[in-house]
Amino acid sequence: MNIHEYQAKQILKEYGAPVSRGVPVLDAAEARRAVETLGGPVWVVKAQIHAGGRGKGKFKESDAGEKGGVRIAKSEDEAVAFVEQMLGKTLVTHQTGPSGKQVGRIYLEEGAAIARELYLSLLVDRETSRISFIASTEGGMDIEEVAAETPEKILTFSVDPATGIQPFHGRKVAFALGLEGQAMKQCVKLIDTLYRLFVEKDCSLVEINPLIVTESGDIKCLDCKMNFDSNALYRHPEIVELRDETEEDPKELEASKFDLNYIALDGEIGCMVNGAGLAMATMDIIKLYGSEPANFLDVGGGATKEKVTEAFKIITSDPQVKGILVNIFGGIMRCDVIAEGVIAAVKEVGLQVPLVVRLEGTNVELGKDIINKSGLDVIAADNLADAAQKIVKAVKGGA
Ligand code: ADP
Ligand code: MG
């Protein structure tokens with residue numbers, strides 16, 4: 001799960017990490033009060049969306065200003081004007097994809113006097129099963145770019161969970177970042193703080209880009225991206241509260257309510273499959289036969305008729321879907337339950353696109369029988385390759 005920059009900074013602040021003063025706002029009146037509270041003389045107006053690269057991003061609307069989603073204002077009026085320009089507009093960055101994200105709130109922050117911009121992040125390294133740090137002197141730009149062009153400028157190491165975070169870890173980062181004096185001490189403390197925060201809050205990523213050295217020689221977290229392990233959210237009600245549903249794909253949101261494992265993709269063939277492995281294989285074979293999956297969907301082992309109906313509704317609500325492939329191996333799941341679910345869903349929402357169904361396993365004959373007797377225009381398939389070929393053919397025209 002993702003949260004906004006202003007929420008991440010609130011958590012950083014609670015842990016005692018250095019952040020700037022700021023106020024999130026939803027409209028011009030709130031912005032006016034916030035700029036007065038902050039006092040200036042420089043305000044930074046920051047669009048809050050779940051994507052990075054805002055500073056270099058561009059708004060789709062021409063009246064939103066040319067300068068992207070992070071703007072420096074030199075007067076109260078200018079700051080409020082920037083807020084008004086950005087609110088409700090669509091910001092496109094290299095992380096949002098071409099459709100962009102609508103800006104629903106703005107973070108107003110005091111301007112910092114920046115001497116240097118650095119990079120610091122923590123993530124779960126799946127290879128070592130440990131928390132890793134990444135630090136670089138090249139802050140404010142994409143770490144992927146730094147890694148590709150100047151990998152020698154990146155320090156990475158992981159922390160042994162048995163001994164935990166130690167002062168030498170902090171000194172290692174401070175040395176790599178060229179920090180001295182008070183900044184070095186602050187860095188050692190920050191590394192300790194971030195590690196603790198990461199573990200206690202079950203994060204999967206904390207990225208501070210940039211971490212800055214101010215002109216007075218202090219370090220500060222100027223931007224923060226924080227992601228959390230969804231499987232651990234049950235023990236963090238305070239994090240769940242930070243969820244911004246407007247940032248999520250509505251289809252994925254709907255799917256999560258029914259406990260379906262659904263990820264929206266860009267292709268044209270909607271897939272309904274049971275089991276993550278079979279779902280991956282189905283996506284692969286659709287690609288093999290020349291098309292693209294519109295989603296990943298694992299209805300799970302214990303799916304009910306209602307769950308299957310919901311899954312089907314979510315798939316058909318996607319205007320990109322030009323055909324549907326139902327691929328079920330009935331192990332725990334019974335084929336007749338799937339068949340009933342599909343039929344109930346088709347009766348409820350109608351069927352505008354070709355549908356190929358491949359059933360195998362428990363009660364397969366019963367399942368096929370239910371579908372055949374339903375009178376629906378369903379294309380039956382005998383195996384995975386046959387099913388994929390049939391749906392691709394039907395979608396590409398010719399069937
Ligand atoms: P993004 O990564 O989405 O572009 P950032 O928060 O990193 O957004 O902001 C982009 C750049 O704007 C930063 O690299 C920094 O140079 C500048 N900036 C951001 N916040 C402040 C601030 N409070 N004071 C001064 N400059 C800022
Ligand atoms: Mg940034």
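Is Lys 390 buried, partly exposed or exposed? Lys 390 counts as partly exposed, at 28% relative accessibility; here buried means under 20% relative accessible area, exposed over 50%, and partly exposed in between, with a 1.4 Å probe and protein chains only.

The structure is a predicted model, in which local features need pLDDT of at least 70 and side-chain atom pairs count only at pLDDT 80 or more, while totals for chains, interfaces and linings use all residues. Residues are numbered from 1 along each chain as its sequence is written, chains are lettered from A and ligands numbered from 1 in the order in which they are written, and side-chain values use heavy atoms, with hydrogens and water left out.

The protein chain as a whole comes first. Its secondary structure comes to 13 helices and 19 strands; these are DSSP runs numbered from the N terminus, with helices (H or I) of at least four residues and strands (E) of at least two. Along the principal axes, the C-alpha atoms fill a box of roughly 80 × 55 × 40 Å. Of the 399 residues in the protein chain, 47% are buried. Among contacts (heavy atoms within 4.5 Å) with a separation of 6 or more, 68% come from residues 24 or more positions apart.

In helix H3 (residues 76-86), the buried residues are Ala 79, Val 80, Phe 82, Val 83 and Met 86. They cover an arc of only 155 degrees around the axis, which puts them on the same side of H3; the arc is that of the directions from the helix axis to the C-beta atoms. An α-helix has 3.6 residues a turn, so residues three or four places apart point the same way. The buried residues of H3 pack against several elements, including helix H2 (28-38), strand E2 (43-48) and strand E7 (105-110). Just after H3, Gly 88 has a positive phi of about 80 degrees.

In helix H5 (residues 167-176), the residues His 169, Gly 170, Val 173 and Ala 174 are buried. Because these buried residues fall within an arc of 135 degrees when seen down the axis of H5, they line one face of the helix. They pack against strand E8 (114-125), strand E9 (130-136), strand E10 (154-159) and helix H6 (181-200). Gly 178 follows H5, and its phi is positive, near 70 degrees.

The whole structure holds 25 salt bridges, each a side-chain nitrogen of Lys or Arg within 4 Å of a carboxyl oxygen of Asp or Glu. One of them joins Arg 21 to Glu 110, with the closest N and O atoms 3.5 Å apart. Arg 21 lies in the loop between helix H1 (5-14) and E1 and Glu 110 in strand E7, so the pair ties together parts that are 89 residues apart in sequence. Arg 21 is partly exposed, at 42% relative accessibility.

Another salt bridge pairs Glu 268 with Lys 396, their closest N and O atoms being 3.0 Å apart. This pair links distant parts of the chain, 128 residues apart: Glu 268 is in the loop between strand E14 (261-264) and strand E15 (269-273), and Lys 396 is in helix H13 (residues 384-396). Helix H13 also contains both Asp 386 and Lys 390, four residues apart, about one turn of the helix. These two residues form a salt bridge, with the closest N and O atoms 3.2 Å apart. Asp 386 is buried, with a relative accessible area of 19%, whereas Lys 390 is partly exposed.

A network of salt bridges links Glu 5, Lys 9, Lys 46, Arg 54, Glu 109 and Asp 223. Asn 209 is buried, at 13% relative accessible area, and Asp 223 is partly exposed, at 21%.

Finally, Val 326 lies in strand E17 (residues 323-330) and is buried, with a relative accessible area of 0%. Not counting residues up to four places away in sequence, Val 326 touches several residues, among them Met 272, Phe 312, Ile 338 and Leu 355.
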